[in-house]
Each structure stands twice: as structure tokens, then as C-alpha cells.
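Have a look at the sequence and the model first, and then we can walk through them by topic.

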Amino acid sequence: MTNRLDATFAALADPTRRQILAMLLEDDMAVTDVAEPFEMSLAAISKHLMVLTAAGLISQEKRGRVKWCKLEPDALREATVWMQGFGLFEPVNLDDFERFLAREFPATEDGAGGDT
């Protein structure tokens, strides 16, 4: 599990690769179409695609002369399950927390906190 998670998070660490995944959410795309919006060489895009493929996040298939990329959404399941373990806690609203502290520990007249 650890190696797959490492590969997944390493692939997701790059903003170009995240943008490619977002593009593939829409539909399968030819490699040349994936490369079009980026200001980098086709070879550089191919390297990004290889990282995504090695992580199992996309698959590539040759159809005739064209290589197509397809998102593999199930590949994110393991990472999603792992990350959900960190979502068990409510986010803290710092303003509410500050009001709570002010109620529970009212400041003394000299501005210092209670009995510490």
C-alpha cells in the first residue's frame, strides 16, 4: 500500500499533472490534445504522462496512430480512503474559539489571564 500511495502523491505533487488529470475528467484525450494548453514540449508532457501512468492514475492506449489517455478514477480510491482518516475532525473556527476562551478564562483587570 505504501508504494502505491507514494507514487500517487508524488504524481499529484506536480501542478501540471494535476491539471492533466482535471482535463481527463471531461473525456479521454489524445496525447497531442493533452499537450496543447501547456507551454512545454511534447517530450516533457510525455514524461508527465509516464509518471501518471506509473502511478496508475491514467492509462494510455494506442488507437491507430494516436495515443490516447484515459483517467483511471479508481486509482485514487486508496489515497482518498487514507486522506479521509484526517477529515474526522471539525475545522476550528478561530473567532469562535477566541470567544470561548474569553468566556471561560476572563482577563483580570491588569490584562493578564486568570489564575496561572
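Let's start in the sheet: Ala30 stands opposite Trp68 in strand E3. The model is a predicted one, in which local features need pLDDT of at least 70 and side-chain atom pairs count only at pLDDT 80 or more, while totals for chains, interfaces and linings use all residues. Residues are numbered from 1 along each chain as its sequence is written, and side-chain values use heavy atoms, with hydrogens and water left out.

**The sheet**

- Strand E1 (residues 29-30) and strand E3 (residues 66-71) run antiparallel and are joined by two bridges; strands count as paired if DSSP finds at least two bridges between them.
- Met29 also has a bridge partner in E3, namely Cys69.
- H2 packs on the sheet, where it touches E1, E2 and E3, and its direction makes about 90° with that of E3.
- Six bridges hold strand E2 (residues 58-63) and E3 together in the antiparallel sense, and Arg63 has Val66 in E3 as its bridge partner.
- The hairpin of E2 and E3 has two residues between the strands, and Gly64 takes a positive phi near 70° there.
- Put together, the three strands form an open sheet in the order E1-E3-E2, with antiparallel pairing.
- E1 and E2 stand at the edges with a single partner strand each, so one side of each is left without a neighbour in the sheet.

**The chain as a whole**

- There are six helices and three strands in the chain, and from the N terminus they follow the order α-α-β-α-α-β-β-α-α. Helices (H or I, at least four residues) and strands (E, at least two) are DSSP runs, numbered from the N terminus.
- The chain has 116 residues, and 24% of them count as buried. Buried means under 20% relative accessible area, exposed over 50%, and partly exposed in between, with a 1.4 Å probe and protein chains only.
- Among contacts (heavy atoms within 4.5 Å) with a separation of 6 or more, 51% involve residues 24 or more positions apart.

**Helix H1 and its two sides**

- Leu5, Thr8, Ala11 and Leu12 are buried in helix H1 (residues 2-12).
- Down the axis of H1, these buried residues fall within an arc of 130°, so they line one face of the helix; the arc is taken from the directions from the helix axis to the C-beta atoms.
- An α-helix has 3.6 residues a turn, so residues three or four places apart point the same way.
- Thr2 and Asn3 are exposed on the other side of H1.
- Helix H2 (15-26), H4 and helix H5 (77-84) are what the buried residues of H1 pack against.

**Helices H2 and H4**

- H2 and H4 pack at an angle of about 75°, and their axes are 10 Å apart; axes are lines fitted to C-alpha atoms, for helices over the stretch in contact, and angles run from 0 to 180 degrees between N-to-C directions.
- That makes H2 roughly perpendicular to H4, a label that covers 65 to 115 degrees.
- In this packing, Thr16, Arg17, Ile20 and Leu21 of H2 meet His48, Leu49, Val51 and Leu52 of H4.
- His48 is found in helix H4 (residues 42-54) and counts as buried because its relative accessibility is 14%.
- Leaving aside neighbours within four places in sequence, His48 is in contact with Asp14, Thr16, Arg17, Ile20 and Met40.
- H4 also lies across E2 and E3, and runs at about 115° to E2.

Key. Angles under 35 degrees count as roughly parallel, over 145 as roughly antiparallel, 65 to 115 as roughly perpendicular and the rest as oblique.
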